[in-house]
Amino acid sequence: MQRGSDRLSRRQDDEMKHQLKGLLRSGHPTRTEEWHDPEPVAEDDPELAPPRVHTDPFEALRLELGRHLARTPFPAHRGDLLRILRERHAPDPLMERVAGLPGDRTYRSVQEVAVALVRPPHPA
């Protein structure tokens, strides 16, 4: 009997299980040729660099906005941005900051939204 969308026949499947049995039981490579095994880390290998942490508050805000507003059709108004942020479960502090934006302005990109959130509104 065929087992759905399997690409291998039952014989090939059993053969592969037999080949992998030693590896699955031992938890480490079982090949006799050393050149098949991955090379261990050498003592003089350089340390991996830690992930870059953004300390710039503007950059952190822009990245947070970009994460929640990804694939948002721009240009967008404040109401559009709030609706999308609500749908994508953005954090409340970000929602409150966007709610403080002027309602009559149109934003063409995430960058413009971030700049508007950082800069105080111009007095009219």
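**View 1. R71 lies in the loop between α2 and β1 of this predicted model.** Phi of R71 is near 60°. That value is positive, in a residue other than glycine. R71 is exposed, with a relative accessible area of 84%. The cut-off for exposed is over 50%, so R71 qualifies.

**View 2. A cis peptide bond joins F74 to P75.** Omega of this bond is near 5°. P75 sits in the loop between α2 and β1. R71 is found in that loop too. Strand β1 spans 76–77.

**View 3. H89 lies in the loop between α3 and α4.** Here phi is near 55°. As H89 is not a glycine, this is a positive phi in a residue other than glycine. The relative accessible area of H89 is 68%, and the residue counts as exposed.

**View 4. Helices α2 and α5 pack with their axes 9 Å apart.** The angle between them is about 135°. Angles over 145 degrees would count as roughly antiparallel, and 65 to 115 as roughly perpendicular; α2 and α5 are therefore oblique to each other. Their crossing is right-handed. From α2, the contact is made by F58, L61, R62, L65 and G66. From α5 come V110, Q111, V113, A114, V115, L117 and V118.

**View 5. The largest nonpolar core has 19 residues.** L65 and V98 have the most contacts inside this core. Four helices each supply at least two of its residues: α2 (57–68), α3 (78–87), α4 (92–99) and α5 (110–118). The largest share, five residues, comes from α5.

View 6. Read along the sequence, the pattern is α-α-β-α-α-β-α. Of the 124 residues, 19% count as buried. The accessible surface comes to about 10,700 Å². Carbon and sulfur atoms hold 54% of that surface. Among contacts with a separation of 6 or more, 48% are between residues 24 or more positions apart.

How values were computed: Residues are numbered from 1 along each chain as its sequence is written. This is a predicted model: local features need pLDDT of at least 70, side-chain atom pairs count only at pLDDT 80 or more; totals for chains, interfaces and linings use all residues. Side-chain values use heavy atoms; hydrogens and water are left out. A nonpolar core is a set of buried Ala, Val, Leu, Ile, Met, Phe, Trp, Tyr and Cys residues joined through side-chain atoms within 4.5 Å. Buried means under 20% relative accessible area, exposed over 50%, partly exposed in between (1.4 Å probe, protein chains only). Contact means heavy atoms within 4.5 Å. Accessible areas come from the Shrake-Rupley method with a 1.4 Å probe; for residues, only the protein chains shown count as cover. Axes are lines fitted to C-alpha atoms, for helices over the stretch in contact, and angles run from 0 to 180 degrees between N-to-C directions. Angles under 35 degrees count as roughly parallel, over 145 as roughly antiparallel, 65 to 115 as roughly perpendicular and the rest as oblique. A crossing is left-handed if the near helix is turned anticlockwise from the far one by less than a right angle, and right-handed if clockwise.
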